[in-house]
Amino acid sequence: MKVLLTGANGYIGVRLLYELLKEDHEVVCAVRSAARLSVPQEIKDQIDIIEIDFLNVHADHALPKDIDVAYYLIHSMSSSTDNFDQMEAECAERFVELIQETNCQQVIYLSGIVNEEQLSKHLLSRKRVEDILYTGNFNLTVLRAGIIVGSGSSSFEIVRDLCEKLPVMITPKWVNTKTHPIAIRNVMSFLMGVLGREDCYDQSFDIGGKSILTYKEMMLGYAQNRGLKLYIFTVPVMTPKLSSYWLYFVTSTSYKLAQNLVDSMAIEVIASKNDLAERLGIERYNYQEALDMAFAKIEQNQVVSSWKDSMVSGRFKRSLNKYKKVPSYGCLKDAQKLETSDAAAALERIWSIGGKNGYYYATFLWKIRGAVDKLFGGVGLRRGRTNANKIYAGDALDFWRVLVADKEEKRLLLFAEMRVPGEAWLEFEIDENNVVHQTATFRPRGIWGRLYWYSMLPFHYFIFSGMIRHIATGK
């Protein structure tokens, strides 16, 4: 089949892309920026990529006519706290207009479980999108999921951050709300299982795992799985805003996502019974099994995708293509070079920078900078990196975004998503003479930008010289 995959840059989209290719489907990825599709080049060579922003559709935008099935995986919850629902509705309307001009027979939409009378803004938006998609002249299949448990999922990473960092928690009362977690592997099975199934046309199905748990039970279950001692005390006085700040400062989530998640955590999200799993031959996993599978992927360094790699986890929501060419006019630079006796090892150190490996010199200063950034509403260092030694254009790397990751050209280009009065790049390159080049470029915004750069010069002198020395020599 020829399959259109929207939201291909997202946590679900990247994983679904691999599954579709395994089954030899012809895949067309619809993305806002082709440069940000965070998959290896050999995967990009197997697919077609079209650039389209469903919030900004132009007259010349069109989808391939011969599409058979489309996956609709576009969500905007992380990008706004005020009007994300309007953005999601507009995206769905534009999608319906465009997909109706194709031969598409089925659209598959991953939504949220909406069984309660009182719904959060997030869940109401999911239901509204579902209603909009049902107006199209195609067959719609809706899969409604609650919390998705898997390596790199936002809910898994939030629980992980909380339990690993806080042995004692004072929590709001929403931790006693019941939810229905589902393993990412089960989600993939359902998404692939309904593909082309006429008996699933024009129907909505709730999907969940074997376990129905409160958020408190999920955290205690995580702690048990990891052999951690965890004590949770619930208080009734913590406001939603305070809860959002609590999640923001303790975990790697953005404040906007935290606020929208807290809004939904007061609502029970439990799947209604249906026979879809039996019909598709899917064995559902319980919560502990889902955790075991997530940690198996983490320990093997095989995490395929992370919510943090999505653009919504960072500061800049526009295309980053304009930043791929590092400017020279009006910029301040720190350029250093050092010959290496082992270019292959130096390249591996460049490709492994950040995350748990740190920055090879004065990492504590980088951590302080990350904490300051987080304090002022930035992304900080807590996003880490998806893989320990693999990196692709579009990935998030601590408070950087990867613009170029070309191992053949021996070049890595990072763009800062931290809060700075200007724009910043960090570039590594190894030339044909085995000389490592490391260049920090800053384009200041006004006088405050220049003052920021010059105030950081004493730190730059030690940090950047130490960093290139370790990259080039390993010492």
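The model is a predicted one. Of the 475 residues in the protein, 56% are buried. Switch to a cartoon view, where 14 helices and 19 strands can be picked out. Among contacts between residues at least 6 apart in sequence, 74% link residues at least 24 apart.

Next, select the strands β14 to β19. They belong to an open sheet of 6 strands with antiparallel pairing, in the order β14-β19-β18-β17-β16-β15. The edges are β14, residues 332–339, and β15, residues 396–397, and each of these pairs on one side only.

Zoom in on aspartate 334, which has alanine 440 of β19 opposite.

Now show helix α12, residues 343–351. Which strands does α12 lie across? They are β16 (400–406), β17 (411–416), β18 (422–430) and β19. Relative to β18, the helix runs at about 155°.

For the last stop, select helix α13, residues 363–375, and helix α14, residues 446–473. Their axes come within 10 Å and cross at roughly 145°. Display the side chains where they meet: Leu365, Trp366 and Arg369 on α13, with Tyr452, Phe459, Ile463, Phe464 and Met467 on α14. By class, this contact is made up of 7 nonpolar residues and 1 charged residue, with no polar ones.

Key:
Residues numbered from 1 in each chain as written. Predicted model: local features only at pLDDT ≥ 70, side-chain atom pairs only at ≥ 80, totals over all residues. Heavy atoms only, no water. Pairing = 2+ DSSP bridges. Helix = DSSP H or I, 4+ residues; strand = E, 2+ residues; numbered from the N terminus. Contact = heavy atoms within 4.5 Å. Axes fitted to C-alpha atoms, helices over the stretch in contact; angles between N-to-C directions. Buried < 20%, exposed > 50% of the residue type's maximum accessible area, 1.4 Å probe, protein only. Nonpolar A, V, L, I, M, F, W, Y, C, P; charged D, E, K, R; others polar.
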